Amino acid sequence: MSAEFVQSGFSPDDTRWMREALALAERGLTTTQPNPRVGCVIVNAGEVVGRGFHALAGGPHAEVFALQEAGERAKGATAYVTLEPCAHVGRTPACAPQLADAGVRRVVTAMTDPDPRVAGEGHAILRTAGVQVESGLLEAEARWLNRGFLSRIERGRPWVTVKIAQSLDGRTALANGESRWITGEAARHDVQFLRARHAAVLTGVDTVLTDDARLNVRLSPEALAIDGAVRQPLRVVLDSGLRLPPFAPIFDVQGEVRIYTRDVDAGIHHDGLTARGVQLVAAPQAEFGLDLGFILRDLALQGISEVLVESGPKLAGAFVDQGWVDELIIYQAPVLLGHKAQPCLDLASPIRLDDAPRWQIRDTTPVGQDIRITLVPLVDSSGVAG
């Protein structure tokens with residue numbers, strides 16, 4: 001028996017069923033925004049009698065689907081849920097009372113829900129009804145799955161991922177700006193899944209104007225393994241001078257566009273943009289551009305949990321320099337562009353090597369002829385990012 005089981009008191013079977021619940025939760029990866037991704041497995045006498053996952057905001061929760069499948073076999077069973085069952089009535093009924101009413105004997109959750117409307121109340125309802133409740137099984141995995149939701153609730157801002165496509169020597173374009181295509185077709189296809197996972201894609205106006213960027217998801221429901229239409233992310237453009245014209249290609253595809261600018265009433269394009277239905281938001285000016293902290297907090301208030309930054313080196317570098325980046329995803333192509341080519345990030349240079357920010361590699365995955373590298377800030381023993 002591993003140390004995990006000894007310390008937590010959970011059995012190998014508990015871990016097995018919770019892993020299945022987490023796998024079910026992942027099926028809502030692109031569809032549950034702004035809700036968390038949740039899976040549920042109900043087991044009676046060693047047999048799975050009900051499975052469910054939250055598929056769509058406003059639709060039934062994972063526990064409801066699992067209880068429907070289990071029926072009378074839910075009595076005396078154990079329910080494994082990746083997040084504390086909800087205790088409040090919103091667009092759907094509360095799940096904690098439904099588990100108790102179905103006669104579930106034991107509920108094992110991966111973590112407590114930090115949403116103030118729940119925050120332990122779901123567990124309390126179950127315990128009051130005589131249900132045995134245990135929590136904390138595979139919590140790290142559950143938190144990673146819902147890192148955006150947790151960031152929005154706990155920190156008041158979305159989880160920020162910066163995506164970079166670069167050469168072996170860390171360059172993203174030739175000196176003349178040519179960048180199509182550094183990475184191969186497989187990597188570009190993989191980026192579509194990355195966009196689908198995020199609630200918003202953020203860039204600067206220069207990227208939109210230079211690249212005719214549309215920043216939409218170009219995958220079918222079948223490719224995403226979902227029912228119904230593909231949810232398009234909110235496209236967010238930082239345009240301090242409101243230079244983006246209403247005839248730009250970004251407006252030719254489905255989905256909402258939100259522009260942050262210094263003055264929403266300034267510029268010759270104001271009327272045309274508002275006629276297009278563009279959301280214009282005034283943002284404070286900071287030392288090196290628009291106030292990124294204000295923008296992230298405002299997006300959180302709109303229910304945006306995860307933001308993917310696809311931009312040029314200046315804006316991406318600003319996010320890194322100011323400490324707003326939670327995850328770096330680098331698609332690295334086996335090509336060399338030379339020292340005159342454009343860098344992937346425009347960063348302030350540290351005075352000492354010890355001051356350079358350090359990152360931890362979470363994953364490396366071959367994607368066609370390229371490699372996708374996922375990194376998070378390295379946190380030292382004091383809890384400070386390096």
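Domain bounds here come from an automatic or database domain assignment. This is a predicted model, in which local features need pLDDT of at least 70 and side-chain atom pairs count only at pLDDT 80 or more, while totals for chains, interfaces and linings use all residues. Residues are numbered from 1 along each chain as its sequence is written, and side-chain values use heavy atoms, with hydrogens and water left out.

View 1. Domain 1 covers 12–144 and domain 2 covers 156–377. Taken over C-alpha atoms, their centres are 34 Å apart. Seven residues from domain 1 and 14 residues from domain 2 take part in the contact (heavy atoms within 4.5 Å). Together the two domains bury about 880 Å², with 56% of that from carbon and sulfur atoms; buried area is the accessible area (1.4 Å probe) that two parts lose on being put together, summed over both. On the domain 1 side, Thr-30, Gln-33 and Trp-144 supply 69% of the area buried against domain 2, more than any other three residues.

**View 2. A salt bridge from Arg-37 to Glu-306.** A salt bridge means a side-chain nitrogen of Lys or Arg within 4 Å of a carboxyl oxygen of Asp or Glu. There is one between domain 1 and domain 2. The side chains of Glu-306 and Arg-37 pair up at 2.9 Å, N to O. Glu-306 sits in strand β14 and Arg-37 in the loop between α2 and β1, so the pair ties together parts 269 residues apart in sequence. (Helices, H or I of at least four residues, and strands, E of at least two, are DSSP runs numbered from the N terminus.) Both partners are tucked away: Glu-306 is buried at 3% relative accessible area, and Arg-37 is buried at 7%. Buried means under 20% relative accessible area, exposed over 50%, and partly exposed in between (1.4 Å probe, protein chains only).

**View 3. Thr-31, in the loop between α2 and β1.** With a relative accessible area of 12%, Thr-31 is buried. A polar atom of its side chain lies 2.5 Å from the backbone oxygen of Ala-55. Leaving aside neighbours within four places in sequence, Thr-31 is in contact with Ala-55, Leu-56, Ala-57 and Ile-226.

**View 4. Two nonpolar cores.** A nonpolar core is a set of buried Ala, Val, Leu, Ile, Met, Phe, Trp, Tyr and Cys residues joined through side-chain atoms within 4.5 Å. The largest has 41 residues, and Met-18, Ile-42 and Val-107 touch the most other members. Helix α2 (residues 12–25) gives the most to this core, with six residues. Apart from it lies another core of 32 residues, including Leu-238, Tyr-260, Ala-316 and Leu-375.

**View 5. Helix α7 and its surroundings.** In α7 (residues 147–155), the buried residues are Arg-147, Gly-148, Phe-149, Leu-150, Ser-151 and Arg-152. They pack against several elements, among them α6 (139–145), β6 (159–166) and β14 (306–309). Glu-154 of this helix joins Arg-143 of helix α6, 11 residues apart, in a salt bridge with the closest N and O atoms 2.8 Å apart. Just after α7, Gly-156 has a positive phi of about 75 degrees.

**View 6. Arg-157 meets Asp-326.** Their side chains form a salt bridge at 3.0 Å, N to O. Arg-157 lies in the loop between α7 and β6, and Asp-326 in the loop between α13 and β15. Arg-157 is buried at 9% relative accessible area, and Asp-326 is buried at 8%.

Key
Polar contact = N/O pair within 3.5 Å; in protein donor to acceptor, adjacent residues only side chain to side chain.
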